[in-house]
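Subject: Structure for you to look through

Dear colleague,

I am handing over the structure we talked about, and below it you will find notes on what turned up. Please keep the picture open while you read.

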Amino acid sequence: MLNAYAMQITHTDDNGKIRRLSLPSVNPSTGGFQFNFKGANEDGVEEMPLTFTAKLDTSLVSGRQLMEWVIEDGAA
């Protein structure tokens with residue numbers, strides 16, 4: 001059994017724009033991590049389904065207890 005942990009998912013597009021979702025406290029569900037690598041002869045994007053439950057972290061300030069969503073331009 002896994003204990004609660006923090007999770008951060010980051011996506012950077014071709015223009016350098018960054019989208020980041022941070023969850024300070026999550027519990028994974030049974031079978032919550034699946035690494036499904038496709039064959040070398042298959043087109044498409046690799047898939048990695050995640051199943052979890054986010055929990056409030058009441059030690060954080062109001063508005064950030066469940067999640068934080070950040071979008072950065074990425075232009076230098």
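Which side chains meet R64 or E68 in a salt bridge? The side chains of R64 and E68 meet each other, with a distance of 2.9 Å from N to O, where a salt bridge is a side-chain nitrogen of Lys or Arg within 4 Å of a carboxyl oxygen of Asp or Glu.

Before going on, please note that this is a predicted model, in which local features need pLDDT of at least 70 and side-chain atom pairs count only at pLDDT 80 or more, while totals for chains, interfaces and linings use all residues. Residues are numbered from 1 along each chain as its sequence is written, and side-chain values use heavy atoms, with hydrogens and water left out.

The protein has 0 helices and 4 strands, which follow one another along the sequence in the pattern β-β-β-β; helices (H or I, at least four residues) and strands (E, at least two) are DSSP runs numbered from the N terminus. Of the 76 residues in the protein, 11% are buried, and here buried means under 20% relative accessible area, exposed means over 50%, and partly exposed lies in between (1.4 Å probe, protein chains only). Among contacts with a separation of 6 or more, 48% come from residues 24 or more positions apart, a contact being heavy atoms within 4.5 Å.

The structure holds 3 salt bridges, and in general side chains of opposite charge can pair when their charged atoms come close. R64 is partly exposed at 45% relative accessibility, and E68 is partly exposed at 30%. Another salt bridge joins R20 to E72, whose closest N and O atoms are 2.9 Å apart. Because R20 lies in strand β2 (residues 18-33) and E72 in strand β4, this pair ties together parts that are 52 residues apart in sequence. R19 also forms a salt bridge, with D13, the closest N and O atoms being 3.5 Å apart; R19 has a relative accessible area of 26%, while D13 has 22%.

Finally, L56, L66, M67, W69 and I71 make a nonpolar surface patch of about 510 Å². Patches are made of residues with over 30% relative accessible area and no salt bridge, with like charges joined within 9 Å and nonpolar side chains (Val, Leu, Ile, Met, Phe, Trp, Tyr) within 5 Å. M67 is found in the loop between β3 (50-54) and β4 (68-72), and M67 is partly exposed, at 38%.

Best wishes

Technical notes
Areas by Shrake-Rupley, 256 points an atom, 1.4 Å probe, with all protein chains shown as cover.
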